[in-house]
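Please read the following account alongside the sequence and the coordinates, moving from the overall surface to the strands, the core and finally the charged pairs.

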Amino acid sequence: MPEWKNRAQRHSSASDLNLIVPWHGSLTAGKLIRRRHRFLLDVVLESGLLVVAHCVSPGRMEGLVQPGARVWLSSAAGKHRALKWTWELVEIEGTLICAN
């Protein structure tokens with residue numbers, strides 16, 4: 001088994017795992033409420049704020065869209081973006097999965 005897969009299975013949160021994904025800036029954790037209209041995701045941030053995040057993949061993603069799952073969002077850099085947040089990661093059964 002590749003070393004990165006071993007590390008991913010041993011850790012249960014993004015802060016515990018050294019990721020090899022080049023995000024610009026930090027990720028913000030929250031809880032998935034629901035996905036709607038293919039590109040929109042309702043999330044409650046750990047601060048309690050309800051936000052709408054962009055979902056890059058228009059596919060069904062049935063195994064990843066689980067209400068109550070822990071998710072991580074990146075903050076959008078562009079001023080002309082309609083949504084401030086983009087869905088990057090989801091934790092399913094203790095495994096981190098890239099959603100973007």
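The protein exposes about 6,400 Å², of which carbon and sulfur atoms supply 54%. These values come from a predicted model, and within it buried residues make up 34% of the 100 residues. Among the contacts with a separation of 6 or more, 45% are accounted for by residues 24 or more positions apart.

The secondary structure consists of one helix and six strands, and the order from the N terminus on is α-β-β-β-β-β-β. Two of these strands, β2 and β3, form a hairpin with four residues between them, and Gly 48 in the turn has a positive phi of about 100°. The pairing of β2 with β3 is antiparallel and extends over five bridges, with Leu 41 standing opposite Ala 53 in β3. β3 also pairs with β5, here in the parallel sense and over two bridges, and in this pairing Ala 53 stands opposite Trp 85 in β5.

In a regular strand the side chains alternate between the two faces of the sheet.

What happens to nonpolar side chains in general leads on to the interior, since in soluble globular proteins they tend to be buried together. The largest nonpolar core here has 17 residues, and those that touch the most other members are Val 43, Val 71, Leu 73, Trp 87 and Val 90. The elements giving two or more residues to this core are β2, β3, β4 and β5 (85-92), and β5 gives the most, with four residues. The surroundings of Val 43 can be described in some detail: leaving aside residues up to four places away in sequence, Val 43 touches Gly 30, Lys 31, Ile 33, Leu 49, Leu 50, Val 51, Val 71 and Leu 73.

The charged side chains complete the picture. A search of the whole structure finds three salt bridges. Which residues are linked in a network of salt bridges? The network is made up of Arg 34, Arg 36 and Asp 42. Arg 34 forms a salt bridge with Asp 42 in which the closest N and O atoms are 2.9 Å apart, and the side chains of Arg 36 and Asp 42 meet in another, at 3.0 Å from N to O.

In the remaining salt bridge, the side chains of Glu 46 and Arg 70 meet at 3.0 Å, N to O. This pair links distant parts of the chain, 24 residues apart, with Glu 46 in the loop between β2 (40-45) and β3 (50-54) and Arg 70 in strand β4 (residues 70-75). Glu 46 counts as exposed because its relative accessibility is 59%, over the 50% cut-off for that class, whereas Arg 70, at 32% relative accessibility, counts as partly exposed.

How values were computed:
Residues are numbered from 1 along each chain as its sequence is written. This is a predicted model: local features need pLDDT of at least 70, side-chain atom pairs count only at pLDDT 80 or more; totals for chains, interfaces and linings use all residues. Side-chain values use heavy atoms; hydrogens and water are left out. A salt bridge is a side-chain nitrogen of Lys or Arg within 4 Å of a carboxyl oxygen of Asp or Glu. Buried means under 20% relative accessible area, exposed over 50%, partly exposed in between (1.4 Å probe, protein chains only). Contact means heavy atoms within 4.5 Å. Accessible areas come from the Shrake-Rupley method with a 1.4 Å probe; for residues, only the protein chains shown count as cover. A nonpolar core is a set of buried Ala, Val, Leu, Ile, Met, Phe, Trp, Tyr and Cys residues joined through side-chain atoms within 4.5 Å. Two strands pair if DSSP finds at least two bridges between them.
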